[in-house]
Amino acid sequence: MIGSTGLDGRPERDYSGPRVRGLPPTPEEYRAQVIVGALFAVTMVAGFALLVVYLVGGDTQLQGILLTLAFGGLGAGIVVWAQRLLPTRLVTEDRHPLQPEPTAEALATADATREAEAGFARRHLLIGLLFGAFAGLGAALLIPVLSLGPAPGRSLFVTAWRKGSRVVGIDGKPVQASALPIDGVLTVFPEGAVGDAMAQTLLIRVPPDLLRLPAARMAWAPDGYVAYSKVCTHAGCPVGLYRAIEHRLICPCHQSTFDVLDGAIPSFGPAARPLPQLPIQLQPDGTFVALGDFPEPVGPSFWNMTSGGGA
Ligand code: FES
């Protein structure tokens, strides 16, 4: 038994017979179909247009508008379809005596009724437009993939520092130990790589007897000259502040604080890993050379995130 009005009070059509495939849409249904089709078409066009605009380097605002249209059209279309084209009535049916096998006619009637109630039997065009809308959206979602840069490979694990690299200042000239007073700090690079973001290093001079480095690393800090990566292990900002009175390096981005005397372990802030120490050696002429690259990757942790070996 089928009622005559839906949950929203709208008059319902009779879908109970086998002739539902042939029923023409009512004017209201027709209007709803046109609206849904137009909204899906908007999604499809906006999605492909977004991809084209991205590929030709169009401006970000236009891409944002097109993305809004793509998602908005799809969402609005689905809502209108659900509200205006899918039946919302309550249906109750008397229990029939159980039969061993339904007849072929009964099965055909049931199939037709299900299709009609789902609103799909007469809406192949809308289905096609819905797939078109998803295709447009899929094209738009390609953009993040296209924006990925080349895979970094092993480049994040190494810097320009090599065994024998001369330690030079921002001017490219070798740093003289005598030029750095006690509690002085200098940004240094490997010779030939001045300005390299990953290789930037802080050379700091502290009273040698205050250093509390692991025994194996004491030799890397000749006469109290100790070198740490300048790239913050939290999010990669340059650690640019040195509070000499406390012998602490401070990252200006989120105030991570590193203890220079104690292997640059973090004592405050979000950084969870020490600044890697560069092994250096003082030369007879008063300059420095590196004994090798940093013992571990510089900057934010990434390689040991799943092993629990660091933050
Ligand atoms: S980047 Fe240095 S504390 Fe966040």
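This is a predicted model: local features need pLDDT of at least 70, side-chain atom pairs count only at pLDDT 80 or more; totals for chains, interfaces and linings use all residues.

The protein has 5 helices and 11 strands. Of its 311 residues, 27% are buried. If you take the contacts between residues at least 6 apart in sequence, 60% of them join residues at least 24 apart.

**Three helices**

Let's start with helix 1, which covers residues 27-55. After helix 1 comes Gly57, with a positive phi near 80 degrees.

Helix 2 takes up residues 60-85, 26 residues in total. From first C-alpha to last it reaches 36 Å, close to the 38 Å expected at 1.5 Å a residue. Which residues of helix 2 are buried? They are Leu66, Leu69, Ala70, Gly73, Leu74, Gly77, Trp81 and Leu85. And what covers them? The cover includes helix 1 and helix 4, the latter being residues 124-147.

| Helix pair | Angle between axes | Axis distance |
|---|---|---|
| Helix 1 and helix 4 | about 25 degrees | 8 Å |
| Helix 2 and helix 4 | roughly 150 degrees | within 10 Å |

The residues in the contact of helix 1 with helix 4 split into 21 nonpolar and 6 polar, with no charged ones.

Now for the other pair. The axes of helix 2 and helix 4 cross at roughly 150 degrees, and that makes helix 2 roughly antiparallel to helix 4. Helix 2 also passes helix 4 in a left-handed crossing. On the helix 2 side, Leu67, Ala70, Gly73, Leu74 and Gly77 take part, and they meet Ala133, Gly136, Leu137 and Ala140 of helix 4. By class, this contact of helix 2 with helix 4 has 6 nonpolar residues, 3 polar and no charged. Ala70, Gly73, Leu74 and Gly77 are also listed among the buried residues of helix 2.

**Some loop residues**

Most residues other than glycine have a negative phi. Asp183 has a positive value, near 70 degrees. You'll find Asp183 in the loop between strand 1 (167-168) and strand 2 (185-190). Asp183 counts as partly exposed because it has 16 C-beta neighbours inside 10 Å.

Ala264 also has a positive phi, near 60 degrees. Ala264 sits in the loop between strand 7 (257-259) and strand 8 (265-268). Is Ala264 buried or exposed? With 27 other C-beta atoms within 10 Å, Ala264 is buried.

The last stop is Thr287, in the loop between strand 10 (280-282) and strand 11 (288-290). Thr287 has 16 other C-beta atoms within 10 Å, so it is partly exposed. Leaving aside residues up to four places away in sequence, Thr287 touches Arg166, Val167, Pro174, Val175 and Gln176. Thr287 and Val168 are 119 residues apart in sequence, yet their C-alpha atoms are 8.8 Å apart in space.

Methods: Residues are numbered from 1 along each chain as its sequence is written. Helices (H or I, at least four residues) and strands (E, at least two) are DSSP runs, numbered from the N terminus. The expected span of a helix is 1.5 Å times one less than its number of residues. A residue is buried if 20 or more other C-beta atoms lie within 10 Å of its own, exposed if 12 or fewer, and partly exposed in between; C-beta atoms are placed from the backbone. Two residues are in contact if their C-beta atoms, placed from the backbone, lie within 7 Å. Axes are lines fitted to C-alpha atoms, for helices over the stretch in contact, and angles run from 0 to 180 degrees between N-to-C directions. Ala, Val, Leu, Ile, Met, Phe, Trp, Tyr, Cys and Pro count as nonpolar, Asp, Glu, Lys and Arg as charged, and the others, Gly among them, as polar. Angles under 35 degrees count as roughly parallel, over 145 as roughly antiparallel, 65 to 115 as roughly perpendicular and the rest as oblique. A crossing is left-handed if the near helix is turned anticlockwise from the far one by less than a right angle, and right-handed if clockwise.
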